[in-house]
Amino acid sequence: MLSTEEVLRLTVAALMLRAGERQGDLAAAIGLSQAQVSRKQSGAARWSLEDIDALSAHYGLPVLDLLAGPTHAVGVLYADTPPLQPAVLASGIAGPPERLPL
């Protein structure tokens, strides 16, 4: 079973990917440096309760939804948005996700 810290790191990674954010973007939005976000995401440092509140406010998600895991958090945040679909490259290998046309 994953720890709460591991679930949060996975959730933050999924939300950043879905939002098209880089660590520097997230850091600026929640008042941290990119290096601090990097250390927290790598597990070298822990997310604090204040950080979790800032993440919650940034993504517009209640804290419990943020801590419920990446699938849940992304699903709640993007419930009205079509899911990302992998692009199939000419080689037949799936590439980075792309948005479906609206």
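What follows is a short walk through the fold, core and surface of this predicted model.

Start with the overall layout. Six helices and two strands make up the secondary structure of the protein, and along the sequence they run in the order α-α-α-α-α-α-β-β. So much for the order; contacts across the chain come next. Among contacts with a separation of 6 or more, 47% join residues 24 or more positions apart.

On to the inside. Of the 102 residues in the protein, 31% are buried. In soluble globular proteins, nonpolar side chains tend to be buried together. Here the largest nonpolar core counts 18 residues, and L26, W47 and L55 have the most contacts inside it. At least two residues of this core come from each of helix 1 (4-19), helix 2 (23-30), helix 4 (49-59) and helix 6 (70-77). Helix 1 gives the largest share, with four residues.

With its neighbours within four places in sequence set aside, L26 touches V12, M16, E21, V37, L55, H58 and Y59. One of these partners, L55, is itself listed with L26 and W47 as having the most contacts inside the core.

Then there are the rings and the surface. No aromatic pairs turn up anywhere in the structure.

Key
Residues are numbered from 1 along each chain as its sequence is written. This is a predicted model: local features need pLDDT of at least 70, side-chain atom pairs count only at pLDDT 80 or more; totals for chains, interfaces and linings use all residues. Side-chain values use heavy atoms; hydrogens and water are left out. A nonpolar core is a set of buried Ala, Val, Leu, Ile, Met, Phe, Trp, Tyr and Cys residues joined through side-chain atoms within 4.5 Å. Buried means under 20% relative accessible area, exposed over 50%, partly exposed in between (1.4 Å probe, protein chains only). Contact means heavy atoms within 4.5 Å. Rings of Phe, Tyr and Trp (its six-membered ring) pair if their centres lie within 6.5 Å; planes under 30 degrees apart count as stacked, over 60 as edge-to-face and the rest as tilted.
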